[in-house]
Amino acid sequence: MNVLNIMSAQSMTRTNPAHSGTAPLTDLTPGKKTEYSSNSRKTGTFESFLLEAVNGVNDRQLEVSEVQNKLITDPDSVDIHDVTTAMAKAQMSLNLAQTVIDRLTTAWNEIQTTR
């Protein structure tokens with residue numbers, strides 16, 4: 001069977017404009033509006049992308065701190081699963097940021113040594 005036939009036979013839901021495909025973007029979370037449209041692409045500098053990514057990691061860390069403080073001050077208002085999920089998201093984003101930084105540093109060092 002041809003790989004192209006397999007790929008075209010499946011229909012997937014796109015939730016992010018960075019994902020490939022031509023299907024319209026859909027938001028899977030109830031009550032939340034999607035921020036992107038199918039025809040818009042962000043344009044900017046590498047610096048702006050890095051700053052946006054670091055701000056996203058920082059926002060997740062701040063969300064965890066807020067949920068943890070709420071858990072300490074008013075434990076009945078917070079579900080422990082929400083705290084665990086927020087902590088996992090923050091840890092994952094921090095690990096991803098660290099991996100990207102390590103790879104950028106390694107790539108820069110390789111560029112410097114090849115000169």
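Valine 64 is buried in this predicted model, because its relative accessible area is 9%. Buried means under 20% relative accessible area, exposed means over 50%, and partly exposed lies in between (1.4 Å probe, protein chains only). Valine 64 sits in helix α2. Helices here are DSSP runs (H or I, at least four residues), strands are runs of E (at least two), and both are numbered from the N terminus. Leaving out residues up to four places away in sequence, valine 64 touches Ala86, Met87 and Ala90. Contact means heavy atoms within 4.5 Å. Threonine 85 is 21 residues from valine 64 along the chain, and their C-alpha atoms are separated by 9.1 Å.

Residues are numbered from 1 along each chain as its sequence is written. As this is a predicted model, local features need pLDDT of at least 70 and side-chain atom pairs count only at pLDDT 80 or more, while totals for chains, interfaces and linings use all residues; side-chain values use heavy atoms, with hydrogens and water left out.

The protein contains three helices and zero strands. Along the sequence, the pattern reads α-α-α. Of its 115 residues, 9% count as buried. The accessible surface comes to about 10100 Å², and 57% of this belongs to carbon and sulfur atoms. Accessible areas come from the Shrake-Rupley method with a 1.4 Å probe; for residues, only the protein chains shown count as cover. Among contacts with a separation of 6 or more, 21% join residues 24 or more positions apart.

The mean for the protein is 78, and 64% of residues reach 70 or more. Helix α1 (residues 3–9) has the lowest confidence, at a mean of 46, while α3 has the highest, at 92. Over residues 1–9, pLDDT stays under 50, and the model has one contact beyond four places in sequence for them. Over residues 36–40, pLDDT also stays under 50, but here the model has eight such contacts.

Helix α2 covers residues 46–73, which makes 28 residues. The expected span of a helix is 1.5 Å times one less than its number of residues. The 35 residues of α3 should span 51 Å, and its end C-alpha atoms are 51 Å apart, which agrees.

The two helices meet through their buried residues. In α2, these are Gly56, Val57 and Val64. They pack against α3 (80–114). In α3, the buried residues are Val83, Ala86, Ala90 and Ser93. Their cover includes α2. An α-helix has 3.6 residues a turn, so residues three or four places apart point the same way.

Serine 93 belongs to helix α3. Serine 93 counts as buried because its relative accessibility is 12%. Beyond four places in sequence, serine 93 touches Val57 and Arg60. Leucine 94 also lies in helix α3. Leucine 94 is partly exposed, because its relative accessible area is 40%. Neighbours within four places aside, leucine 94 is in contact with Val57 and Gln61. Leucine 94 and glutamine 61 are 33 residues apart in sequence, yet 8.6 Å apart in space, C-alpha to C-alpha.

Aspartate 82 is another residue of helix α3. At 47% relative accessibility, aspartate 82 counts as partly exposed. Valine 67 is 15 residues away along the chain, and the C-alpha atoms of the pair are separated by 8.1 Å.

Part of the surface is nonpolar. Phe46, Leu50, Leu96, Val100 and Leu104 make a nonpolar surface patch of about 460 Å². Patches are made of residues with over 30% relative accessible area and no salt bridge; like charges are joined within 9 Å, and nonpolar side chains (Val, Leu, Ile, Met, Phe, Trp, Tyr) within 5 Å. A salt bridge is a side-chain nitrogen of Lys or Arg within 4 Å of a carboxyl oxygen of Asp or Glu. Both α2 and α3 supply at least two residues of the nonpolar patch. The most comes from α3, with three residues. Leucine 96 is found in helix α3. Leucine 96 counts as exposed, because its relative accessibility is 54%.

How values were computed
pLDDT is the predictor's confidence in each residue, from 0 to 100.
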